[in-house]
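Dear colleague,

I am passing the structure below over to you. Please open it alongside these notes.

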Amino acid sequence: MTVEIFPSAGDFQDSIMSDLSFKTGLQNGSNVAIIKNLLTTAETLRCVRLHQALAIEGDQGWASVRRGCRDNYREIKHNPLSKVDQFCSRSIFFEWNSCIKKITDAVSKITGIKGILEGDGFVEKNDHFFQAAISCYPVGGGMMAPHIDPLDTFFGLHVIVNLSTRGDDFIEGGLKVKSNESDDFIDIEKYWRSGDAIVFNASAVLHSVEPIDAAEPSLGFLRGRYSLSVTMNRFQDIN
Ligand SMILES: [Fe+2]
């Protein structure tokens with residue numbers, strides 16, 4: 001597997017347009033792409049602050065709160081529908097939620113990348129909806145076990161934006177990916193920092209979040225490694 005680094009979204013788009021083998025490599029899981037500086041510092045901060053504001057808002061504090069698909073929901077507990085062992089806090093927004101307007105610029109940059117990859121079929125799928133998720137893997141062992149996502153979980157290649165920087169916000173751990181071709185995991189945190197995005201096929205590439213500063217004392221659910229992902233999901237999956 002190769003990790004290809006692009007200085008900007010424009011450079012990534014040029015490769016998609018001019019090099020069919022590059023896009024094929026992304027689709028079959030033989031490579032992943034990093035797009036540097038997709039989000040500005042202000043955009044990454046808005047995402048982190050939105051997650052933190054939701055955590056302290058409301059009478060139930062930071063606990064598993066599901067308000068139905070008309071509003072966002074947030075959780076720290078393991079989702080019983082997920083078979084993947086994980087320790088993180090997460091805010092999830094659907095495209096019709098008001099909260100998402102606070103991070104519209106960040107979300108539209110990600111859907112722009114997905115549009116480049118999928119073309120018109122991406123925007124015309126009327127049985128699908130956008131879902132944005134801000135995740136925090138907390139200092140003191142935040143993690144997600146190695147897994148691949150089921151093929152029909154969401155439409156298109158996965159795009160995740162890093163909202164933290166290893167060395168600044170945490171010391172060790174983070175995203176690792178593994179191709180089908182070898183037993184080696186690639187330490188993605190070496191290649192990216194806050195504001196950078198990764199593009200990969202989550203149903204072909206085994207991926208994990210290795211424990212964040214597992215040996216350090218916990219600083220609560222809000223201090224750690226943050227990321228933002230936008231997926232296109234089927235309506236039937238939330239009913
Ligand atoms: Fe995944």
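What follows is a short account of what was found.

This is a predicted model: local features need pLDDT of at least 70, side-chain atom pairs count only at pLDDT 80 or more, and totals for chains, interfaces and linings use all residues. Residues are numbered from 1 along each chain as its sequence is written.

Confidence. pLDDT is the predictor's confidence in each residue, from 0 to 100. The chain averages 84, and 83% of the residues score at least 70. Where pLDDT is low, the predicted coordinates should not be read in detail.

Overall. The chain has 5 helices and 14 strands. These are DSSP runs numbered from the N terminus: helices are H or I with at least four residues, strands are E with at least two. Of the 239 residues, 35% count as buried. Buried means 20 or more other C-beta atoms within 10 Å of the residue's own; exposed means 12 or fewer; partly exposed lies in between; C-beta atoms are placed from the backbone. Of the contacts with a separation of 6 or more, 83% link residues 24 or more positions apart.

Core. The largest nonpolar core holds 47 residues. Such a core is a set of buried Ala, Val, Leu, Ile, Met, Phe, Trp, Tyr and Cys residues joined through C-beta atoms within 7 Å. Ala 197, Ile 198, Val 199 and Phe 200 touch the most other members. Beyond four places in sequence, Phe 200 contacts Leu 26, Val 32, Leu 157, His 158, Val 177 and Val 205.

Helix H4. Gly 119 follows H4, with a positive phi near 70°.

Leu 39. Leu 39 sits in the loop between strand S2 (31–35) and helix H3 (41–56). Leu 39 is buried, with 24 other C-beta atoms within 10 Å. Leaving out residues up to four places away, it touches Thr 44, Ala 106, Lys 109, Val 161 and Gly 195. Leu 39 and Asp 105 are 66 residues apart in sequence, yet 8.6 Å apart, C-alpha to C-alpha.

Sheet. An open sheet of 5 strands runs S5-S8-S13-S10-S11, with antiparallel pairing. S5 (86–87) and S11 (185–187) are at the edges with a single partner strand each, so one side of each has no neighbour in the sheet. Strands pair if DSSP finds at least two bridges between them. S8 (142–147) joins S13 (206–212) through 3 bridges; Gly 142 partners Ile 212. S10 (174–178) and S13 pair over 5 bridges. There, Lys 178 partners Leu 206, and Leu 175 stands opposite Val 209.

Best wishes

How values were computed
Contact = placed C-beta atoms within 7 Å.
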